[in-house]
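Please keep the model open while reading.

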Amino acid sequence: MANDQSDEHSGYEEDSLSLTGSVAMGTGVMIGAGIFALTGQVAQQAGGLFPLAFLAAAIVAGFSSYSYVKMAQEYPSAGGIGMFLMKAYGKGTVTAGMALLMYFSMVINESLVARTFGTYTLQLMNVKDTTFWVPALGAGLLVVVFIINIMSTSFIGKFSMVTAAIKIGGILIFAGAGLYVSGLSFDAVGVTQRTSSTSFLSATALALLAYKGFTTITNSGSEIKEPKKNIGRSIIWSLSICLVVYLLVALAVSGNLSVSQIIEHRDYALSKASEPAFGQWGRYFIVGLAIIATISGLLASTFAVSRMLAMLSEMKLVPHKHFGVPGDIQKHTLVYTIVIAIALTIFFDLGRIASLGAIFYIVMDIAIHWGVLRHLKEDVKANTAILVTAIVLDVVILAASLWMKATSDMLVIWVSLIGFVVIFAGERWFLARVDDSEHQHDEQQREQHAT
């Protein structure tokens, strides 16, 4: 059967997401983080070439999506990436560790979007203590998202469709007005003092976060109508829509602000760039869009990532304790996800959150491509050249990102290394205990049969 048994007994609402709903979910996650949170961060590293960094990231994401589409067509499942890794590597430390890297990269992305919500919302207020209020507002939004996520899958899908239409339409209005006011003059685009090959590649790694939301579609595999046909279509449509939107916005920003201005206002670059076209009202317009985008992005992301962790728990790849929390396993994983996201929102700034998320995601992405290349190429009928290209592109931008952080912010490197050690060592210990427990259970059953 296309779906694993674990899907059938987990309370997932089969056929509850249409093609349009799944595309809205994918674009909801991507646009919520990509446009509002990352434009200034990418410009800080790539300088005047930041629009091209979004284009380069789209190319990397396009090659990366190949493995996910092939796997999703053959193994559609609510487990998504966790199930893909299981098919490639079996039940072991690599599968569990890489699946958790993906999980944490998605939770990191949620904290990125939550802080973006706080940053843009404060543009409406005369608040000086942003150090407190940005994480406070972000954490508050995460609590609201938790409450909404208790509702049904179909509600979240419909909500994502409506908000995706509003924010994409509003962002296109901003881009069109910005391009018109700029007279299609993009003086900020080009090589600047900050630009180097390493910084551009590192910026591409950050910009890749703006596209990785397509992977959330695979986590809803058993809930999408006609998954073997529509998962691939959803991914392709989501990436295409986001590429067009990102390029238009990047060009509009570069036409109205200098690179130094974009970097100075990097946490809310779109709000600042709207002023030449809309004046003071531009700030309210963009902040309103940012609020809609971040709320819908968090809803879609939390929906997908909590179900991914639930599936990993049911597959006995990660430990699970309910800690007295009522409800089924999905409710428990939703609580864990929100708690971790709130902690990251409080303790890390936008730049560090984005870098950490990029490192975790790219390492996991390489593991997906390698697993398909080594173990499943024939089963899913994948092209070797495309898989190798995807791996090479990931390795190049990851190396550049690590080098940039090693020379500017070692804390990100140390946190990443500690994260890798804790995740993989912890999984090795947990899975060994699971194996011992299952072995003892089998021995007891054999003894009972013998007597």
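Helices α5 and α16 are roughly antiparallel to each other, a label for angles over 145 degrees. This is a predicted model: local features need pLDDT of at least 70, side-chain atom pairs count only at pLDDT 80 or more, and totals for chains, interfaces and linings use all residues. Residues are numbered from 1 along each chain as its sequence is written, and side-chain values use heavy atoms, with hydrogens and water left out.

The crossing of α5 and α16 is left-handed; that is, the near helix is turned anticlockwise from the far one by less than a right angle. Helices here are DSSP runs (H or I, at least four residues). The geometry of the pair is tabulated below.

| Item | Value |
|---|---|
| Helix α5 | residues 93-121 |
| Helix α16 | residues 350-380 |
| Packing angle of α5 and α16 | about 155° |
| Axis separation of α5 and α16 | 8 Å |

Axes are lines fitted to C-alpha atoms over the stretch in contact, and angles run from 0 to 180 degrees between N-to-C directions.

Contact means heavy atoms within 4.5 Å. On the α5 side, the residues that meet α16 include Met98, Leu101, Phe104 and Arg115. Their partners in α16 include Leu350, Phe360, Tyr361 and Met364.

Now to Ile263, which lies in helix α11 (residues 259-264). Is Ile263 buried or exposed? It counts as buried, at 9% relative accessibility; the cut-off is under 20% relative accessible area (1.4 Å probe, protein chains only). Ile263 and Gln44 are 219 residues apart in sequence, yet their C-alpha atoms are 5.4 Å apart.

The chain has 18 helices and zero strands (E, at least two residues). Of its 451 residues, 57% are buried.

Key. Buried means under 20% relative accessible area, exposed over 50%, partly exposed in between (1.4 Å probe, protein chains only). Angles under 35 degrees count as roughly parallel, over 145 as roughly antiparallel, 65 to 115 as roughly perpendicular and the rest as oblique.
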